[in-house]
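My notebook is open and the model is loaded. Here is what I looked up.

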Amino acid sequence: MLELLKQPWPWYVAGPLIGLTVPALLLIGNKALGISSSLRHVCAACVPAGIPFLTYNWRAEIWNLVFVLGVALGGFIGYHLMGHPDVVGISPETIQDLKTELHLTDFSGLLPRELFSLDNLANWKGWFFLVFGGFLVGFGTRYAGGCTSGHAISGLSNLQWVSLVAVIGFFAGGLLMTWVIYPVLF
Amino acid sequence: MKYLKYLVLGTLFGIILTKSEVISWFRIQEMFRFQAFHMYGVIGSAIVVGMISIQLIKRNRLKSINGEEIKLADKKFNHGIWIGGFIFGLGWAITGACPGPLFAQLGSGLGAAAVMILAALAGTWTYSALREKLPY
């Protein structure tokens, strides 16, 4: 059992457990699952700068920041204490595509070092992948009013058609980046 | 103490994200290239289980442990939903991470995640500052 827990978890174990987080949060505190809101609360707590959208009682949302702190703690436990393979077991086709299209050679770790190494901040790649990418995530999620957790999981679970529009938007952006912009950049 | 339950649940959530490898950039690329079922299975089964759970909560009028009536607000449509969603999607394919995974990556010790989170905070702040000038 312990050995099984230390292997990567299949989708049919992880997905239902993620789904159960939605009722768990509702039952323990009447809270809706949503992670990107934490970014707004941090901005409101640290740099409100008189901006109306950042001027609200963020202290009422501390639970969300604590939840996110837990996610980071879970990242530590899940990665360092519960084992991880050196190479994420993605499909051979993806490896081949990434080799030929993005010229990647190192497939170890969670992220390709060739793109996400901090040393890359000395060239365009680091700024594009780390800074520009992160900026779009923070800007886009708030503009859309949610991310994968708030719209895709929480929203679609509650049959919100607006969340379906958001998820179609997520995929349109992701597909454009993967299939059109990456080939132009590399 | 009243926040401990959120810390515990968040930790479990982080472990699930990490152990299922959805915090990996490689997995997100595999998803956007339609080369494995893994991510679709994770997100799809999460939605199905969430949907059944919410239906059960609604039909049985379950209350939270504080005795509050459980209410889920309806999300309202505006053009930010798809424009913002599209912008996030571009970022998702670049960073290979949505906000939850970014925090889990940070916990796993990736310095890159710290930079991406700071950049995401800058993005959220910029959105907040420009909010009134953006199309809705």
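I started with residues 36-57 of chain B: this span is 91% helix and 0% strand, with its end C-alpha atoms 33 Å apart. Helices here are DSSP runs of H or I with at least four residues, strands are runs of E with at least two, and both are numbered from the N terminus.

I noted that the model is predicted, so local features need pLDDT of at least 70 and side-chain atom pairs count only at pLDDT 80 or more, while totals for chains, interfaces and linings use all residues. Residues are numbered from 1 along each chain as its sequence is written, and chains are lettered from A and ligands numbered from 1 in the order in which they are written.

Next I checked residues 77-94 of chain B, which are 83% helix and 0% strand. Their end C-alpha atoms lie 26 Å apart.

Then I counted elements: chain B has six helices and zero strands.

I looked at one helix pair, helix 5 (residues 99-107) and helix 6 (residues 111-130) of chain B, whose axes come within 8 Å and cross at roughly 140 degrees. Axes are lines fitted to C-alpha atoms, for helices over the stretch in contact, and angles run from 0 to 180 degrees between N-to-C directions.

Who makes the contact (C-beta atoms, placed from the backbone, within 7 Å)? I found Pro99(B), Leu102(B), Gln105(B) and Leu106(B) on helix 5 of chain B, and Ala113(B), Ala114(B), Met116(B), Ile117(B) and Ala120(B) on helix 6 of chain B.

Last, I jotted down that the C-alpha atoms of chain B fill a box of roughly 40 × 40 × 35 Å along the principal axes.

Notes. Two residues are in contact if their C-beta atoms, placed from the backbone, lie within 7 Å.
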